[in-house]
Amino acid sequence: MKQFIIIGNSAAGISCVEAIRTKDKASKIIVISDEDYLAYCRCLISYYLAGEVKEDKILLRQKDFYRENNIELFLNKRVIQIQPKKNRIILEDKTFLNYDALLIATGASPKFPDIAGIKKRGVFGFRTLKDVKEIEDLLPVTKTACVLGGGLIGLKAAYALHKRKIETKIIVKSKQVLSQMLDEPAAKIVQDKLSENGLEVIFGQDASEVIGNGDLKAIKLESGKVIGCSLVIVGKGIKPNIDLVKDSEIKINEGIIVNDFLRTTVPNIYAAGDCAESFDLTLGAHTVNALWPIAVEQGKIAGLNMAGENIKYDGSLGMNSLEFFGLPVVSLGIYKVKAQEAGYEELKTIDEKLKLYKKIILKNNFVVGAVLVGNIKNAGIFLRLIKERIDTSSFKERLLSENFGYPEIMDLVKEEKFYV
Amino acid sequence: MKNLYYDIDKCLGCKSCEIACAVAHSVSGELFKAIKEEILSLPRKKVLSSKGKNYPISCRHCKDPKCVDACMAAALIYDKEKGMVLHDETRCVGCWMCVMVCPYAAIRPNLKAKIPLRCDKCKDKDEPACVKACPTKAIIWQEEEIVSK
């Protein structure tokens with residue numbers, strides 16, 4: 001009988017546990033979380049804040065999941081150090097636990113800008129159920145809120161506050177929203193949708209100071225303009241939680257470096273999810289892709305390998321799907337190519353009036369990215385063309401056609417016998 | 001466990017299956033009432049053509065379903081006994097992650113209802129509506145093992 005330890009109780013941690021249990025019902029599994037809740041759907045916290053999802057629907061698994069899978073769960077406990085040579089971890093209270101195989105799935109934390117007053121009461125990250133519960137407590141006394149950052153987290157937070165009838169201003173440093181996943185034409189359509197629905201975005205500005213005595217009263221922008229508000233949500237990106245492996249044998253960069261088997265540089269220690277830096281298929285280099293589906297996939301493969309399998313991970317890629325006020329948007333892989341970069345080709349169609357935009361990026365006839373706004377059908381096919389590296393030269397001109405779909409690629413992929 | 005298979009040489013691309021599917025999943029269950037429903041019932045099956053042949057496309061209920069892994073709301077589960085991906089609409093938030101990862105593009109977003117649509121093999125009925133509707137018997141409803149042989 002072995003002892004498996006999993007640090008982290010979210011997407012990667014839970015899928016790891018489930019994977020281990022498909023192979024090994026007997027060994028001991030310990031899951032440690034520094035949060036105070038059973039695993040929940042982290043991506044739903046904005047829906048929870050908006051009032052669209054109630055607390056009972058935010059749980060990731062049934063309450064008896066841990067008992068049924070024979071898992072020892074430690075909540076509200078922080079691991080402060082990993083000692084790979086001794087195969088053990090040290091908890092905050094100085095107790096230690098030994099493992100045969102360990103998964104680090106510690107996730108990530110919001111980045112806060114280094115400006116005066118950022119620690120004042122009323123300034124929040126947007127990552128945990130605790131964050132949203134504290135934000136929610138302030139809503140009855142909040143008239144105006146500012147959201148720093150126009151990325152996915154910022155926009156989702158702003159959307160939720162808007163739904164709760166809070167006047168919300170989004171402050172964005174760059175010239176467009178979602179600059180990490182959309183090109184300008186796509187972002188423009190999203191921006192139009194936001195402003196039509198009464199969400200104000202201020203571009204080209206960063207907050208330079210949080211003003212107030214104790215409690216926050218206002219945000220000062222670089223331009224000198226002051227916006228009165230009693231709530232600030234920061235959505236300025238995330239940083240992987242890797243403090244506990246610093247100064248150890250485990251190699252880190254921005255995140256914990258993992259190989260094709262989700263192993264770190266220490267063979268019986270694995271990492272998965274937002275804290276892991278894995279090989280990115282479209283970039284051809286290691287990067288942190290902090291995304292729910294990727295965390296689930298990585299957790300699963302890490303778990304199987306911890307239980308003795310030797311399964312190779314295909315690699316990650318940046319991908320996201322979102323929806324604002326009925327407008328669906330999907331971004332896959334490389335979403336923007338610098339002018340005149342050799343070998344790249346962009347196919348696109350746009351109808352600003354109907355809020356439709358479709359763009360495929362090819363490199364030497366291989367799809368490396370796509371942006372879809374308004375109509376997202378075939379997103380899965382494009383994702384597949386990227387992941388399976390399928391040469392599109394024989395059907396490239398039909399990629400954007402209304403009738404394009406699975407039958408066009410059927411002969412090029414491994415097809416099960418559904419068609420006889 | 002029964003699955004849907006297709007005899008491509010018999011498929012005319014008439015889309016009778018699409019209409020039957022939309023009607024079967026409408027509130028009223030009748031064509032002329034269904035077209036007047038506030039949220040229009042959409043087909044969970046689409047017939048697409050390639051190289052002169054027609055291919056009905058719908059959820060295959062993959063054994064290693066990408067959509068279940070991608071679902072950030074835990075609204076999808078794979079039921080091994082039924083051999084089906086089950087969708088809990090009360091948990092679904094309409095984020096379209098499942099649409100994004102489906103390798104067959106067989107999940108359609110119903111933007112108005114904020115619900116992704118997929119074939120449910122007409123779960124309460126003994127035979128899916130598309131099978132009944134196909135005029136050339138191109139849609140085959142049978143046990144999985146028989147075809148894979």
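The following legends describe close-up views of a predicted model. Residues are numbered from 1 along each chain as its sequence is written, while chains are lettered from A and ligands numbered from 1 in the order in which they are written. Because the model is predicted, local features need pLDDT of at least 70 and side-chain atom pairs count only at pLDDT 80 or more, whereas totals for chains, interfaces and linings use all residues.

**View 1. The open sheet of chain A.** Five strands of chain A, in the order E9-E16-E10-E11-E12, form an open sheet with parallel pairing. Strands (E, at least two residues) and helices (H or I, at least four residues) are DSSP runs numbered from the N terminus, and two strands pair if DSSP finds at least two bridges between them. Strand E9 (123-124) and E12 of chain A each have a single partner strand and stand at the edges, so one side of each lacks a neighbour in the sheet. In general, strands of a sheet pair through backbone hydrogen bonds, either parallel or antiparallel.

**View 2. Two crossovers in chain A.** Strand E10 (residues 144-148) of chain A is parallel to strand E11 (residues 167-171) of chain A, and five bridges pair them. With H5(A) between them, E10(A) and E11(A) make a right-handed β-α-β unit. A crossover is right-handed if, with the strands pointing away from the viewer, the path from the first strand over the helix to the second runs clockwise. E11(A) also runs parallel to strand E12 (residues 200-202) of chain A, joined by three bridges. Here A:Ile170 has A:Val201 in E12(A) as its bridge partner, and A:Ile171 stands opposite A:Ile202. From E11(A) to E12(A) the chain passes through helix H6 (residues 184-196) of chain A, in a β-α-β crossover that is right-handed.

View 3. A:Val172 is located in the loop between E11 and H6 of chain A. A:Val172 has 24 other C-beta atoms within 10 Å and is therefore buried. The cut-offs are 20 or more other C-beta atoms within 10 Å for buried, 12 or fewer for exposed, and partly exposed in between, with C-beta atoms placed from the backbone. Apart from neighbours within four places in sequence, A:Val172 is in contact with A:Gly149, A:Gly150, A:Val177, A:Val201, A:Ile202 and A:Phe203; contact requires C-beta atoms, placed from the backbone, within 7 Å of each other. A:Ala207, 35 residues away in sequence, is 9.0 Å from A:Val172, C-alpha to C-alpha.

**View 4. The largest nonpolar core.** This core has 169 residues, and those with the most contacts inside it are A:Leu103, A:Val232, A:Ala272 and B:Cys98. Helix H5 (residues 152-163) of chain A gives the most to this core, with eight residues. A nonpolar core is a set of buried Ala, Val, Leu, Ile, Met, Phe, Trp, Tyr and Cys residues joined through C-beta atoms within 7 Å. Neighbours within four places in sequence aside, the contacts of A:Leu103 include A:Ile6, A:Ile7, A:Tyr270, A:Ala272 and A:Met306.

**View 5. The contact between chains A and B.** Chain B contributes 34 residues to the contact and chain A contributes 36 residues. On the side of chain B that touches chain A, H4(B) gives the most, with four residues. That side of chain B divides into 24 nonpolar, five polar and five charged residues. Ala, Val, Leu, Ile, Met, Phe, Trp, Tyr, Cys and Pro count as nonpolar, Asp, Glu, Lys and Arg as charged, and the others, Gly among them, as polar.

View 6. Chain B is divided into domain 1 (1-58 + 125-149) and domain 2 (60-118), with bounds that come from an automatic or database domain assignment. The centres of domain 1 of chain B and domain 2 of chain B, taken over C-alpha atoms, are separated by 19 Å. Their contact takes six residues from domain 1 of chain B and nine residues from domain 2 of chain B. In helix H1 (residues 16-24) of chain B, the buried residues are B:Cys17, B:Ala20, B:Cys21, B:Ala22, B:Val23 and B:Ala24. These buried residues of H1(B) pack against helix H2 (31-34), E2, E3, helix H5 (129-133) and strand E8 (139-143) of chain B. B:Gln142 lies in strand E8 of chain B and counts as exposed, with 12 C-beta neighbours inside 10 Å.

Methods:
Two residues are in contact if their C-beta atoms, placed from the backbone, lie within 7 Å.
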